[in-house]
Amino acid sequence: MPKAFAASPADIERVYRAIKRIRRVEEVTADIYPSDKIKSPVHLAIGQELVSVAVCDVLKPGDVVGGSYRSHAVFLAKGGDLNAMMAEMYGKDTGCCRGKGGSMHIGDAAVGVAGSSAVVGTQIPMMAGYALALKHQAKGGVAVVFFGDGATEEGCFYETLNFAALMNLPLLFVCENNGYAIHEPIAKRRARPDALCAIANAMGVPARRVADGNTFAVRDAAGSAIERIRKGGGPEFIEAQVYRWREHVGPNEDFDQDYRCRSEAEPWMANDEVTRLAALIDPAIRAAIDDRIEAEIAAAVTFAEQSPPPKPEELHTNVFA
Ligand SMILES: Cc1ncc(C[n+]2csc(CCOP(=O)(O)OP(=O)(O)O)c2C)c(N)n1
Ligand SMILES: [Mg+2]
């Protein structure tokens, strides 16, 4: 491991546990999905979990995060309750949004997950609002917004970069660049696919790209950015290159869909952080971590299955329009 990304055994175990847990939650979700017990579309982050884990690893409980419809990893990495997330996917009353949001709309204010949004890019100005509130509170809190490369093509991305820089907001922009917006590769959408950091810089938001999919490289970048932001340095931008292993939405692979091929995925799969970090941990310790994860997930599935659905009279509660 390069010196700059040095991590203690405790760091490696903690980060491995977090990434593996999210991986297994989503694999189990994919296994359950064909049964139709999960009542909403699922956008899986399998292969991309490292970004949420790396960033949330350097956050404090009072910091606030928000993301897109692909936010299981963000929710769990920030400390969202697994039982409540699983129940939400099942549309149950015990879900984190009382079963009314489903997989794409998950939040847990108690642990600083502001929410997630299915409308591409909308979480970006929403989290700038949180950052503005945190700035007014003046307690050193930081907001983090996670979004995809496709979201950088929305007007609100540019507006928010400008506003955040102008207002010196405590906001970290985290672009999870998986190279695709649904089936459209970034090279067919942008004249300069490599210019995301240049765009942020030009708007007055210092930017850094992490291209190698290394958890501790992202954690390093996030850690130093958050430190500067917390001291009043203003917003920063991180572009983390990743790869989505499953289809855009749903539980399956889609390498037969003619928009990409397995050979493109193979180098990312060969560099998988779950496998790489697992090899750095004592096998007995790793087995104990894995066993705990499986037991926790099994309990969450049971919790979701046994929870009641929302009552019919709740149809209009917590609904604004
Ligand atoms: C405003 C808006 N436009 C279009 C869509 C349809 N849509 C859903 S996901 C998506 C692609 C977004 O890609 P990206 O931001 O890279 O995120 P990823 O799915 O790769 O994580 C699009 C265009 C939408 N949900 N909202
Ligand atoms: Mg994308």
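Tutor: Let's start with classes: Ala, Val, Leu, Ile, Met, Phe, Trp, Tyr, Cys and Pro count as nonpolar, Asp, Glu, Lys and Arg as charged, and the others, Gly among them, as polar. This is a predicted model, where local features need pLDDT of at least 70 and side-chain atom pairs 80 or more, while totals for chains, interfaces and linings use all residues. Residues are numbered from 1 along each chain as written, chains are lettered from A and ligands numbered from 1 in written order.

Student: How many residues surround ligand 1, and which are the closest?

Tutor: There are 14 (C-beta, placed from the backbone, within 6 Å), and Val 120, Gly 148, Gly 150, Ala 151 and Ala 181 are the closest. The shell holds seven nonpolar, five polar and two charged residues.

Student: What about helices H1 and H11?

Tutor: Packed helices are described by the angle and the distance between their axes. Here H1 (residues 9-32) and H11 (residues 283-306) have axes that come within 10 Å and cross at roughly 40 degrees.

Student: Is Leu 82 buried or exposed?

Tutor: Leu 82 is in H4 (residues 82-89) and counts as buried, because it has 22 C-beta neighbours inside 10 Å (20 or more is buried, 12 or fewer exposed). Beyond four places in sequence, Leu 82 is in contact with Val 25, Leu 76, Glu 296 and Ala 300 (C-beta atoms within 7 Å).

Note on methods:
Axes are lines fitted to C-alpha atoms, for helices over the stretch in contact, and angles run from 0 to 180 degrees between N-to-C directions. Helices (H or I, at least four residues) and strands (E, at least two) are DSSP runs, numbered from the N terminus. Two residues are in contact if their C-beta atoms, placed from the backbone, lie within 7 Å.
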